[in-house]
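I've opened a new page for this one. I'll start with the whole chain and then look up a handful of residues.

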Amino acid sequence: MTLADRINQAVTYIQSSPHYLSDPPEIALVLGSGLGELASLIDLDVAYDYADIPHFKTSGAPGHPGRLLFGTLAGRRVACMQGRL
């Protein structure tokens with residue numbers, strides 16, 4: 001399986017969710033050590049555990065939840081990786 005195939009499977013999984021957003025994110029955030037609390041400020045639409053997304057690596061950093069979040073922060077559409085890889 002090629003990298004493109006693995007990416008397409010991950011994208012299909014997210015887009016097939018009944019909670020998938022029709023408005024794409026404007027901003028992407030990667031939260032690591034010290035920034036985890038920022039996730040609590042997001043008006044959350046949907047969250048995916050990294051482990052549930054096909055071919056997506058799980059967070060190996062201690063204390064990092066390992067979730068992909070979509071929602072609104074300060075009036076802007078965001079995608080947020082809650083925990084680095």
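**Whole chain**

I looked up the secondary structure and found 1 helix and 4 strands in the protein chain. Helices (H or I, at least four residues) and strands (E, at least two) are DSSP runs, numbered from the N terminus. Along the sequence I read the pattern α-β-β-β-β. The radius of gyration is 13 Å, close to the 12 Å of the globule rule for 85 residues, so the protein chain is as compact as a globular protein of that length. For that one, the radius is taken over C-alpha atoms, and the rule is 2.2 Å times the number of residues to the power 0.38.

A note on what I'm working with: this is a predicted model, where local features need pLDDT of at least 70, side-chain atom pairs count only at pLDDT 80 or more, and totals for chains, interfaces and linings use all residues. Residues are numbered from 1 along each chain as its sequence is written, and side-chain values use heavy atoms, with hydrogens and water left out.

I boxed in the C-alpha atoms along the principal axes and got roughly 35 × 30 × 20 Å. Of the 85 residues, 33% count as buried (buried is under 20% relative accessible area, exposed is over 50%, partly exposed is in between; 1.4 Å probe, protein chains only). Next came contacts, meaning heavy atoms within 4.5 Å. Among those between residues at least 6 apart in sequence, 65% join residues at least 24 apart.

I also counted charges: 6 positive and 8 negative side chains, with the centres of the two sets 8 Å apart. Lys and Arg count as positive, Asp and Glu as negative, while His and the chain ends are not counted. Each charge is placed at NZ of Lys, CZ of Arg, CG of Asp or CD of Glu.

**Buried residues**

S17 sits in the loop between α1 (3-15) and β1 (27-31). Is S17 buried or exposed? I found S17 buried, at a relative accessible area of 15%. Its side chain makes a polar contact with the side chain of Y48 at 3.3 Å. A polar contact is a pair of N or O atoms within 3.5 Å; within protein, one must be able to donate a hydrogen and the other to accept it, and residues adjacent in sequence count only if both atoms are side-chain atoms.

L69 belongs to strand β3 (residues 67-73) and is buried, with a relative accessible area of 1%. Which residues does L69 contact, leaving aside neighbours within four places in sequence? My list includes A39, I42, L44, V78 and C80. I also checked L69 against I7, 62 residues away along the chain: their C-alpha atoms are separated by 18 Å.

R77 is in strand β4 (residues 76-82), and I found R77 buried too, at 16%. Beyond neighbours within four places in sequence, R77 is in contact with residues including D23, E26 and D45.

**Residues with more accessible area**

D5 is in helix α1 and is partly exposed, at 36%. I looked up D5 and G83: they are 78 residues apart in sequence and 24 Å apart in space, C-alpha to C-alpha.

Most residues other than glycine have a negative phi. I noted H55, whose phi is positive, near 65°. H55 lies in the loop between β2 (43-49) and β3 and counts as partly exposed at 46%. A74 also has a positive phi, near 55°. A74 lies in the loop between β3 and β4 and is exposed, at 79% relative accessibility.
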